[in-house]
Amino acid sequence: MHGTRGWVLIGEDDDEKIINRELLRLELSISEGIKKYGENKEIIVCMHYPPTTKAILEKSRFIQIMQKYNIKKCIYGHLHGEGLKEAVTGDVGGVNLNLVSADYLDFKLLKL
């Protein structure tokens with residue numbers, strides 16, 4: 001498993017700087033995984049923040065990086081309560097997204 005914390009736009013001046021740093025971390029993490037384990041091993045990306053939301057579905061740079069490396073599975077958290085309305089799960093451009101916040105899963109394990 002490889003990943004980064006990710007980031008979502010919250011209207012702060014530093015958002016773009018943070019997102020660019022997290023995109024670089026994601027790409028480096030995936031590259032290192034491929035180098036270490038080979039191209040034929042499944043890589044699962046783990047992120048704290050969602051890689052996309054309903055508002056930015058088509059232009060998520062996190063998803064674009066996962067597509068570049070043929071990543072098929074991403075798990076993420078961070079969304080709780082009212083924030084669950086922005087959750088995107090299932091296939092997005094060939095990447096299967098799974099929200100694993102405890103309250104979203106009703107405190108049950110999700111078999112990957």
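**Close-up views of a predicted model**

**View 1. Glu32 and Lys35 form a salt bridge, with the closest N and O atoms 3.1 Å apart.** A salt bridge here is a side-chain nitrogen of Lys or Arg within 4 Å of a carboxyl oxygen of Asp or Glu. The model is predicted, so local features need pLDDT of at least 70 and side-chain atom pairs pLDDT 80 or more, while totals for chains, interfaces and linings use all residues. Residues are numbered from 1 along each chain as its sequence is written, and side-chain values use heavy atoms, without hydrogens and water. Glu32 and Lys35 lie 3 residues apart in helix α1, about one helical turn (helices: DSSP runs of H or I, at least four residues; strands: E, at least two; both numbered from the N terminus). Glu32 is partly exposed at 45% relative accessibility, and Lys35 is exposed at 64% (buried: under 20% relative accessible area; exposed: over 50%; partly exposed: in between; 1.4 Å probe, protein chains only).

**View 2. Asp106 and Lys108 form a salt bridge, and their closest N and O atoms are 3.1 Å apart.** Asp106 is exposed at 52% relative accessibility, as is Lys108 at 55%. Phe107, in the segment after β5 (95-99), has a positive phi near 60 degrees without being a glycine. Its relative accessible area is 68%, which counts as exposed.

**View 3. Asn70 lies in the loop between α2 (61-68) and β3 (73-76).** Asn70 is not a glycine, yet its phi is positive, about 60 degrees. Asn70 is exposed, at 53% relative accessible area.

**View 4. Arg21, Glu22 and Arg25 are linked in a network of salt bridges.** The count for the model is 8 salt bridges.
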